[in-house]
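Me: I have a structure open and want to talk through how its parts pack. Can you take my questions as they come?

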Amino acid sequence: MKIICYSKCSTCKSVLKTMDEKGLKYEVRDIKEENPTKEEIKKWHEATDYDIRRFFNTSGMIYRNENLKDKLDEMSLDEKYEKLATDGMLVKRPILFLDDGQILVGPDVRKYVEAL
């Protein structure tokens, strides 16, 4: 498994702690240090049945300061990928990549890990 997290995110810390307690093996990528590219975000989105809005960190300061809630409806899908790629803090986390190719985002990661 691979997981994309932010080291200061309480949800990410909690998920990683649970994964450690369950003895799960995983590789971590810090979203702040290695921002996802537009191509990666597009690939991840296309591999899921999530709406692209699910990939936005709606509680983040950038999202709120830029009033993206209102702007997203006017943006093309390509523009949304581009925007997400500008700053890792815009991207919802954690993102979990399972060995079978499945990708889980945000609250779905916690549910999955807790159910193991």
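**Sheet, helices and a histidine**

Reply: β1 and β3 pair in the antiparallel sense, over three bridges. Bear in mind that this is a predicted model.

Me: What is the bridge partner of Lys-2 in β3?

Reply: Lys-2 has Phe-97 as its bridge partner in β3.

Me: And in what order do the four strands of the sheet come?

Reply: The order is β2-β1-β3-β4, in an open sheet with mixed pairing. On average, neighbouring strands are turned by 15 degrees against each other, direction ignored.

Me: Which strands does α1 lie across?

Reply: Helix α1, residues 10–21, lies across β1, β2 and β3. The helix runs at about 155 degrees to β1. Helix α6, residues 107–115, also packs on the sheet, where α6 touches β1, β3 and β4. The direction of α6 makes about 115 degrees with that of β4.

Me: Switching to α2. Which residues are buried there?

Reply: Ile-41, Trp-44 and His-45 are buried in α2. Seen down the helix axis, the buried residues of α2 fall within an arc of 100 degrees, so they line one face.

Me: What's on the other side of α2?

Reply: Glu-39, Lys-43 and Glu-46 are on the other side of α2, and they are exposed.

Me: What covers the buried residues of α2?

Reply: The cover includes the strands β1 (2–5), β2 (27–30), β3 (95–97) and β4 (103–105), along with helix α5 (77–84).

Me: Back to His-45. Why does it count as buried?

Reply: Because the relative accessibility of His-45 is 13%, and the cut-off for buried is under 20%. His-45 sits in helix α2, which spans residues 38–46.

Me: Which residues does His-45 touch, leaving out those up to four places away in sequence?

Reply: Tyr-50, Asp-51, Ile-52, Phe-55, Leu-77 and Tyr-81. With Tyr-81 there is also a polar contact between the side chains, at 2.6 Å.

Me: Tyr-50 and Phe-55 are both on that list. How are their rings arranged, stacked or edge-to-face?

Reply: The model has three aromatic pairs. Tyr-50 and Phe-55 form an edge-to-face pair, with 6.1 Å from centre to centre and 75 degrees between the planes.

Me: Are Tyr-50 and Phe-55 buried or exposed?

Reply: Both Tyr-50 and Phe-55 are buried.

Methods:
Residues are numbered from 1 along each chain as its sequence is written. This is a predicted model: local features need pLDDT of at least 70, side-chain atom pairs count only at pLDDT 80 or more; totals for chains, interfaces and linings use all residues. Side-chain values use heavy atoms; hydrogens and water are left out. Helices (H or I, at least four residues) and strands (E, at least two) are DSSP runs, numbered from the N terminus. Buried means under 20% relative accessible area, exposed over 50%, partly exposed in between (1.4 Å probe, protein chains only). A polar contact is a pair of N or O atoms within 3.5 Å; within protein, one must be able to donate a hydrogen and the other to accept it, and residues adjacent in sequence count only if both atoms are side-chain atoms. Contact means heavy atoms within 4.5 Å. Rings of Phe, Tyr and Trp (its six-membered ring) pair if their centres lie within 6.5 Å; planes under 30 degrees apart count as stacked, over 60 as edge-to-face and the rest as tilted. The arc is that of the directions from the helix axis to the C-beta atoms. Two strands pair if DSSP finds at least two bridges between them. Axes are lines fitted to C-alpha atoms, for helices over the stretch in contact, and angles run from 0 to 180 degrees between N-to-C directions.
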